[in-house]
Amino acid sequence: MTNLQKTFMEMAIGLSREGMNSGKGGPFGCVIVKDGVVIGKGNNQVLSTNDPTAHAEVVAIREACKTLRTFQLDGCEIYTSCEPCPMCLGAIYWARPSKVFFANTRQEAANAGFDDDFIYQELPLSPSDRKISMIHSPDNAALEVFQEWISKEDKKVY
Ligand SMILES: [Zn+2]
């Protein structure tokens, strides 16, 4: 990591402490950078917004996309105070930044009472074996909408 990159990580860690101390949520912070400029930042706001998806990375991705006016974070670097949970990892893959730096690991998060690792363990299981029941309920009407998407001529592919 360069000194500048270390500075961005320090910002993310600072946000994690700030969010924790102000009661916004857990001790997680995130900064998103493009061409050396911060374009989005966030801390965990699960408690203050009653939003279970308001993780630092998701908050920062939303802000960065708003800044760039796009749904993709091409060429961006994400600095997060902790290894992303599976939800944030998914959000990161959808946003497609080029790199992610993380400080604390998921094991360290688990030690602090944030059991993201448990969700990682659920991922490889077949839907019927997961803790939350996932019932496959095939329906032609649902498939028809996919067919309409496939043949839709004015769609924006993303
Ligand atoms: Zn997360």
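The dialogue below reads a predicted model, feature by feature.

Biologist: What should I know about the numbering and the cut-offs of this predicted model?

Modeller: Residues are numbered from 1 along each chain as its sequence is written. The model is predicted, and local features need pLDDT of at least 70, side-chain atom pairs count only at pLDDT 80 or more, while totals for chains, interfaces and linings use all residues.

Biologist: How many helices and strands does the protein chain have?

Modeller: Helices (H or I, at least four residues) and strands (E, at least two) are DSSP runs, numbered from the N terminus. Here the protein chain has 7 helices and 4 strands. Read from the N terminus on, the elements go α-β-β-α-α-β-α-β-α-α-α. The C-alpha atoms fill a box of roughly 55 × 40 × 30 Å along the principal axes.

Biologist: In what order do the strands form the sheet?

Modeller: Two strands pair if DSSP finds at least two bridges between them. In this model 4 strands form an open sheet with the order E2-E1-E3-E4 and mixed pairing. Strand E2 (37–43) and strand E4 (99–104) are the edge strands, each pairing on one side only.

Biologist: How many bridges join E1 to E2, and how many join E1 to E3?

Modeller: E1 and E2 run antiparallel and are joined by 6 bridges; Cys 30 stands opposite Gly 42 in E2. These two strands form a hairpin with 2 residues between them, and Asp 35 in the turn has a positive phi of about 50°. E1 and E3 also run antiparallel, joined by 5 bridges, and Lys 34 stands opposite Cys 76 in E3.

Biologist: Which strands does H1 touch?

Modeller: Two residues are in contact if their C-beta atoms, placed from the backbone, lie within 7 Å. For angles, axes are lines fitted to C-alpha atoms, for helices over the stretch in contact, and the values run from 0 to 180 degrees between N-to-C directions. H1 packs on the sheet and touches E1, E2, E3 and E4, its direction making about 145° with that of E1. H3 lies across E1, E2 and E3, at about 145° to E2.

Biologist: Which residues have the most contacts inside the largest nonpolar core?

Modeller: In soluble globular proteins, nonpolar side chains tend to be buried together. A residue is buried if 20 or more other C-beta atoms lie within 10 Å of its own, exposed if 12 or fewer, and partly exposed in between, with C-beta atoms placed from the backbone. A nonpolar core is a set of buried Ala, Val, Leu, Ile, Met, Phe, Trp, Tyr and Cys residues joined through C-beta atoms within 7 Å. The largest such core here has 24 residues, and those with the most contacts inside it are Ala 12, Cys 30, Val 31, Ile 32, Ala 60, Ile 61 and Tyr 79. H3 gives the most to this core, with 6 residues. Leaving aside neighbours within four places in sequence, Ala 60 is in contact with Cys 30, Val 31, Ile 32, Gly 40, Lys 41 and Gly 42.

Biologist: Is Phe 118 buried, exposed or partly exposed?

Modeller: Phe 118 counts as partly exposed because it has 13 C-beta neighbours inside 10 Å. Phe 118 lies in helix H6 (residues 116–122). Its C-alpha atom is separated by 29 Å from that of Phe 8, 110 residues away along the chain. Of the 158 residues in the protein chain, buried ones make up 28%.
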